Amino acid sequence: MSLRVETDKDTGVALVTLDRPARLNAIDLETATELRAAWQEFRRDDAVRAAVITGAGTRAFSTGIDRSAEVPQPSSPYSLDDPLLGIGPKANDLWKPVIAAVEGMACGGAFYLLGESEFLIASHEATFFDPHTTYGMVSAYESVLMAQRMPAGEVARTALMGTAERLTARRAYDVGLVSELTEPGGAAAAALRAAAVIASCPTDAVQGTVRAVWSATEASRSQALALAPHLVTLGNLPPRRQAELFEEGRGKGGFRLR
């Protein structure tokens, strides 16, 4: 199992942990399947009234898709299989609140989870970046999801600078991506405390509020996401060339914190 799920029956809060610290909690196909199953189970489990998503260890929340994962693609240019599309709670029709607790790096495909959480809590040592353009890939889904959380200029800079820059937790807090900063190692505990408060409220009212907040941006988000697979198909380098750029060490020459 690459996902650890612990439920506190007293508080009604589930702690979901990406448990692949040796791989910086990168998400392979097994982990993606387990995430979908967890969110779907929470929909049916009345004992779970809120959840926290985090990563094991302090080096990374998640670095997105595991590059060793083999994802077969259809030959048609009109369709694209993305194993991360279904890993978020909203993608699985879960309207119980989810809080993300971030320690260390959160990058690339990690935004699929962060973008579908109600809010983020991060330690002072957390960093955020999007490596797609560095390796010849379009940042489509990630940029759309982050555009619901940050000003457009911040999203554009984060996506276009690739691995050359990382957003510090303080900057992420200042632009509204992160709602609370903690000491290193304290993000999950803070998220669990907040989740327990929310879970103590009548769950129908809480879920209705979550749905109302999401409805404010749902129309624009859905339209933007509908374009994403076409932009990825048009703009991505062939997978072999992406792998070559990664192996060549492109983007590993240092980065700037801002």
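The structure holds three aromatic pairs, where rings of Phe, Tyr and Trp (its six-membered ring) pair if their centres lie within 6.5 Å. This is a predicted model, in which local features need pLDDT of at least 70, side-chain atom pairs count only at pLDDT 80 or more, and totals for chains, interfaces and linings use all residues. Residues are numbered from 1 along each chain as its sequence is written, and side-chain values use heavy atoms, leaving out hydrogens and water. Helices (H or I, at least four residues) and strands (E, at least two) are DSSP runs numbered from the N terminus.

**Aromatic pairs**

- Being three residues apart in helix 1, Trp-39 and Phe-42 are separated by about one helical turn.
- Tyr-112 and Tyr-141 form a tilted pair, because their ring centres are 6.0 Å apart and their planes stand at 40°.
- Tyr-112 belongs to helix 2 and Tyr-141 to helix 3 (residues 141-146), so this pair ties together parts that are 29 residues apart in sequence.
- Tyr-112 counts as buried at 5% relative accessibility, and Tyr-141 is buried with a relative accessible area of 7%; buried means under 20% relative accessible area, exposed over 50% and partly exposed in between (1.4 Å probe, protein chains only).

**Helix 1**

- The buried residues of helix 1 are Thr-31, Ala-32, Glu-34, Leu-35, Ala-38, Trp-39 and Phe-42.
- Seen down the axis of helix 1, these buried residues fall within an arc of 165° (taken from the directions from the helix axis to the C-beta atoms), so they line one face of the helix.
- Their cover includes strand 1 (3-8), strand 2 (13-18), strand 3 (50-55), strand 5 (98-102) and helix 2 (110-114).

**The sheet and its helices**

- Six strands make an open sheet in the order 1-2-3-5-7-10, with mixed pairing; two strands pair if DSSP finds at least two bridges between them.
- Strand 1 and strand 10 (180-182) stand at the edges with a single partner strand each, so one side of each is left without a neighbour in the sheet.
- Strand 1 pairs with strand 2 in the antiparallel sense over six bridges, and Asp-8 stands opposite Val-13 in strand 2.
- Helix 1 lies across strand 1, strand 2, strand 3 and strand 5, running at about 175° to strand 2; axes are lines fitted to C-alpha atoms, for helices over the stretch in contact (heavy atoms within 4.5 Å), and angles run from 0 to 180 degrees between N-to-C directions.

Technical notes: Phe/Tyr/Trp six-rings, centres within 6.5 Å; stacked < 30°, edge-to-face > 60°.
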